[in-house]
Amino acid sequence: MDLAEKEFRTVWKHAVEQEFIPVDRKSERELFIKFGNGSMIECRSEESPDQLIGEGLDLVIVAEAARLKKRTWDQYLRPALADRQGRALFSSTPRGFNWFHEFYLRGQDNDNPDNAWWESWTVPSRENPILPPEEIEDARKTTSPEAFMQEWEAKFIAYGGLVFPEFDENIHVRAQNFNPLLRTSLWVDPGMAAPYCVLLVQITPEEEVRVVDEIYLTQKTTAQIISVAEQKWGPYIINDYGNPRDELTVVVDKAAAEAVATWRLRGYHTLSEKPTNIAKGIEVHHMFLRDPMRSTASKTVPRITYDPRCINAIKEHNLYHYPDDARKRVEANSTERPVDVDNHTIDAVRYGYFNLFPELFNESFRTVTHEYMDWNDLVPGLAERVSLGD
């Protein structure tokens, strides 16, 4: 119960020893305080989950939350809070990209009404007035870069041969507002059992890429994904007559012929060439994450940024890695292909680069035509609900 005790000792010091609040009953051994106004504080441990079952709670403080199992929250704590519409405070040092990181991202996505009740912050050690600056600087010199970022900078990092270690949420994640004056595109990596990924992308006159939103779903056909996209982004991709906007471009993986055909059948202007050299695509993305022409040794200037709503795109940048031993810190062989997981949004970005910035790949390609089936066969009844144009 070490973690719970640390939190309880602080409360005990102020409430009991310093008599900050009138106390009715207390037990330091049992980690229990009952105050004069009838409220209570108890300390419980995840080691005995049954102890977490009890009456409704007004507030739960989850200490070192990243070390806990998510089911502890789902099965024990959240139901107890629901009885009294209580609240929860999660405090922790980051521990990779687990459920605690997902909760953190919810607090950063204030524009999403589903996350209206969530708020999140990170506070690096340098903002602690008790810690001397020389202690922090010594830690910087004597610990690994990953350990320092996690333990002292309060950053979510992954140990292992990350493909894009320069990705930094403080730099590459920014709130994006859709601008109807900018060039707009959908970058698509089709899937079924694997996620079907669609990125809503805008490109500035300076050729900076802004990823405004994402769709990331499994067990959906291309026709169903198109319907989701049109419901979610209707004014951005559909004109006043219910047809795809003429200026909109959809980039789709060439290998997914059915997906390409379905997008085209619906009336979207598609580009579908696929780079054969994954390493070159990775190199181009490095250039967009850190523009070599504008960045300096001390400052990273990106050419691509993501809205906080792009939770899966952010997560994949922090997980996409080269083969290594048990994801430990090793020198990865950059000539190897990355592990083919956690890369659906990244593949979509790679296809987008190749089709819209082909000069960066030093390759040329030709347009391919496809035969199509009837759109109404793909989504029965859709023709009556959505105008397909001439």
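Start by selecting residues 99-108, helix H3: 7 of its 10 residues are buried, so the rest of the structure largely encloses it. Buried here means under 20% relative accessible area, exposed over 50%, and partly exposed in between (1.4 Å probe, protein chains only). Helices (H or I, at least four residues) and strands (E, at least two) are DSSP runs numbered from the N terminus. This is a predicted model, where local features need pLDDT of at least 70 and side-chain atom pairs count only at pLDDT 80 or more, while totals for chains, interfaces and linings use all residues. Numbering runs from 1 along each chain as its sequence is written, and side-chain values use heavy atoms, leaving out hydrogens and water.

Now show the buried set of H3: Trp99, Phe100, His101, Phe103, Tyr104, Leu105 and Gly107. Their packing partners are helix H2 (70-82), strand S5 (87-91), helix H6 (169-172) and helix H10 (311-317), with contact meaning heavy atoms within 4.5 Å.

Next, the rings. The whole structure has 19 aromatic pairs. Rings of Phe, Tyr and Trp (its six-membered ring) pair if their centres lie within 6.5 Å; planes under 30 degrees apart are stacked, over 60 edge-to-face, the rest tilted. Pick Phe90 and Trp99: an edge-to-face pair, 6.1 Å centre to centre with 80° between the planes. Both Phe90 and Trp99 are buried.

Last stop: Ala154, in the loop between helix H5 (145-151) and H6. Its phi is near 60°, positive in a residue other than glycine.
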